Amino acid sequence: MASKIQRLVSQARATFRKVGEEPAFSDEMKKLKEVINTLTSEDFNLSPSVARKQWNYRPYVVDSPSSCMEIYQCPEFSIGIFLIKPHKHMPFHDHPGMYGVMKVLFSSMTVTSYSKLEGQATPTQGIPVRCRFLSQLSLDSKSEPCVLYPEQGNIHQIQAGEEAVAFIDILAPPYNPKEGRDCNYYEKMETKEDDKQNISLMPGPNPSWFSCVPLSYNGPCPS
Ligand SMILES: [Fe+2]
């Protein structure tokens, strides 16, 4: 019998094979959310105690604010778990031309999402990107999965609450710099044109204060 993680992989495959085919894509996405909603951190053999340790990648990084666990990767999608320490955040970043599905496994976080106004997939360093506010969602393990699209909510910032947070992140297709899907970081700019709905984000390198170090996955085999 397939494990819950194998069912997740199988439904992710069924969903992202239907990209661009409506209503099949929406139907499969609904089923994917249902599968995700059955999952808990125990299914991944992930204990909140992992957040009480320092996340290091010596000699380069000590006490990282964030870590990630690769669960599964194929050309169509990747499944990972990201963790963020209490009160820390992931800076604004994008997912060029990608879909993303996030689901909190434990604790809580706030996701602030923007959509690029011009719709360009690849930003140029030094040229600000105009963005429109989409949503600010407070999510915990009881919340529905949060979905981002290539043209909607593709840039976000993720703020952990008072406890370390862990969330599933399914990305389709996966990041792949060789295919133009690198993760771009952004810094919020203060400009005269800004208002509550529209802001300018300056593309830049990975901020020096932020890192995401790899953790090993010790849960059930995903395939
Ligand atoms: Fe993200």
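**Figure 1. Overall fold of the predicted model.** The structure shown is a predicted model. For 223 residues the globule rule gives a radius of gyration near 17 Å, and the protein has 17 Å, which agrees. The C-alpha trace spans about 60 × 45 × 35 Å along its principal axes. The protein contains two helices and 12 strands. From the N terminus the order of elements is α-α-β-β-β-β-β-β-β-β-β-β-β-β. Buried residues account for 31% of the 223 residues. Of the contacts between residues at least 6 apart in sequence, 75% join residues at least 24 apart.

**Figure 2. Helix α1 and the elements that cover it.** Helix α1 comprises residues 4-16. The buried residues of α1 are Ile5, Leu8, Val9, Ala12, Thr15 and Phe16. These residues cover an arc of only 130 degrees around the axis, and therefore lie on the same side of α1. The cover over the buried residues of α1 includes helix α2 (24-37) and the strands β1 (66-73), β2 (78-84) and β9 (165-172).

Figure 3. Strand β4 takes in residues 99-106 and is mostly covered, with six of its eight residues buried. β4 and β9 run antiparallel and are joined by seven bridges.

Figure 4. Ser107 lies in the loop between β4 and β5 (108-116). The phi angle of Ser107 is near 65 degrees, a positive value in a residue other than glycine. Ser107 has 22 other C-beta atoms within 10 Å and is therefore buried, the cut-off for a buried residue being 20 or more.

**Figure 5. The loop between α2 and β1, with Pro59 and Asp63.** Pro59 is placed in the loop between α2 and β1. The peptide bond from Arg58 to Pro59 is cis, with omega near 5 degrees. Asp63 is placed in the loop between α2 and β1 as well. Asp63 is not a glycine, yet its phi is positive, at about 60 degrees. With 11 other C-beta atoms within 10 Å, Asp63 is exposed, since a residue counts as exposed at 12 or fewer.

**Figure 6. The cis peptide bond at Pro173.** Pro173 is found in the loop between β9 and β10 (185-189). The peptide bond that joins Ala172 and Pro173 is cis, and its omega is about -15 degrees.

**Figure 7. Gly153 and its contacts.** Gly153 sits in the loop between β7 (146-148) and β8 (155-160). Gly153 counts as buried because it has 23 C-beta neighbours inside 10 Å. Apart from neighbours within four places in sequence, Gly153 is in contact with Ser113, Ser115, Leu134, Ser135 and Leu148. Leu83 is 70 residues from Gly153 in sequence, and the C-alpha atoms of the two residues are 21 Å apart.

**Figure 8. Leu215 and its contacts.** Leu215 belongs to the segment after β12 (212-214). Leu215 has 18 other C-beta atoms within 10 Å and so is partly exposed. Its contacts, leaving aside neighbours within four places in sequence, are with Val50, Ser67, Cys68 and Met69. Trp55 is 160 residues from Leu215 along the chain, and their C-alpha atoms are separated by 8.1 Å.

Key. Residues numbered from 1 in each chain as written. Predicted model: local features only at pLDDT ≥ 70, side-chain atom pairs only at ≥ 80, totals over all residues. Helix = DSSP H or I, 4+ residues; strand = E, 2+ residues; numbered from the N terminus. Expected span 1.5 Å × (residues − 1). Arc of directions from axis to C-beta. Contact = placed C-beta atoms within 7 Å. Pairing = 2+ DSSP bridges. Rg over C-alpha atoms; globule rule 2.2 N^0.38 Å.
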